[in-house]
Amino acid sequence: MTQRTRGAYAPRMAPEQRREQLLDAVLQVIVEHGAHKVSIDTVARTAGVSRPVVYSLFDDSDQLLRASLDREEAAALHDVAGAIPRTDGDDAVVAVRDALGNFLDAVQSAPDRWRAVFTLVDSNTPAFRRRIDRGRQALIESLADFVQSVARSEVDVELTARALYSLYWDSGRLVLSEPETFPPSRILAFAETVLAALFAFSTEQRKA
């Protein structure tokens, strides 16, 4: 009798572990091909599982994509929370530099997440843009609160906050796209110079 050869099967996982694996695959598809390429087929192929495995946890590609975006949005907001400058120090430049360093550490620790964020911000899909815009606006508002707490009265708080946001955002892109040319050490050294000129104030000056 000829022995039947079994097909390859994905290793068994607990549902929550499998869900995380599939969401990791969604993120990989977004980074490598764009959000419009997320489908049951592409996610199954990327994760190395069969379509029924995906369907056992997600009804369709829209649900897959929404779940991935929910997860990455929550994680990105957590990363951004660590990038808010602290107001309990005496030097605003040092506070922002250290917060920027925290942000760059977070970006480098989860490069696919942040590549997806930077990709989706340029998406033509309104739902994606709204998600990213919520996070960006929250960061700008937090930076504005910081500036308000340390700035002299004549400082334009909104424009200063937006300038800081642009520094964060572009630095995050550069540290991923050109890490050898723009390592965090170079970015942070540059940031100190720019921040000193941008602020032209400190907490001590404000108290004076």
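Tryptophan 114 and phenylalanine 118 are both buried, where buried means under 20% relative accessible area, exposed over 50% and partly exposed in between, with a 1.4 Å probe and protein chains only. For tryptophan 114 the relative accessibility is 2%, so this residue counts as buried. Before we go on, please note that this is a predicted model, in which local features need pLDDT of at least 70 and side-chain atom pairs count only at pLDDT 80 or more, while totals for chains, interfaces and linings use all residues. Residues are numbered from 1 along each chain as its sequence is written, and side-chain values use heavy atoms, with hydrogens and water left out.

Let us look at the rings themselves. Rings of Phe, Tyr and Trp (its six-membered ring) pair if their centres lie within 6.5 Å; planes under 30 degrees apart count as stacked, over 60 as edge-to-face and the rest as tilted. The structure holds six aromatic pairs. In one of them, phenylalanine 103 and tryptophan 114 have ring centres 5.2 Å apart and planes at 80°, so this pair is edge-to-face. Phenylalanine 103 belongs to helix H5 (residues 92-109) and tryptophan 114 to helix H6 (residues 111-120), so the pair ties together parts that are 11 residues apart in sequence. Helices here are DSSP runs (H or I, at least four residues), as are strands (E, at least two), numbered from the N terminus.

The rings of tryptophan 114 and phenylalanine 118 have centres 5.8 Å apart and planes at 45°, so that pair is tilted. Both residues sit in helix H6, four residues apart, about one turn of the helix. Ring pairs link Phe103, Trp114, Phe118, Tyr165, Tyr168 and Trp169 into a cluster. Over the ring of tryptophan 169 sits the charged end of arginine 136, 5.8 Å from the ring centre; the criterion is NZ of Lys or CZ of Arg within 6 Å of the ring centre and within 35 degrees of the ring normal.

Finally, the whole chain. The protein chain has 10 helices and zero strands, and buried residues make up 41% of its 208 residues. Of the contacts (heavy atoms within 4.5 Å) with a separation of 6 or more, 69% come from residues 24 or more positions apart.
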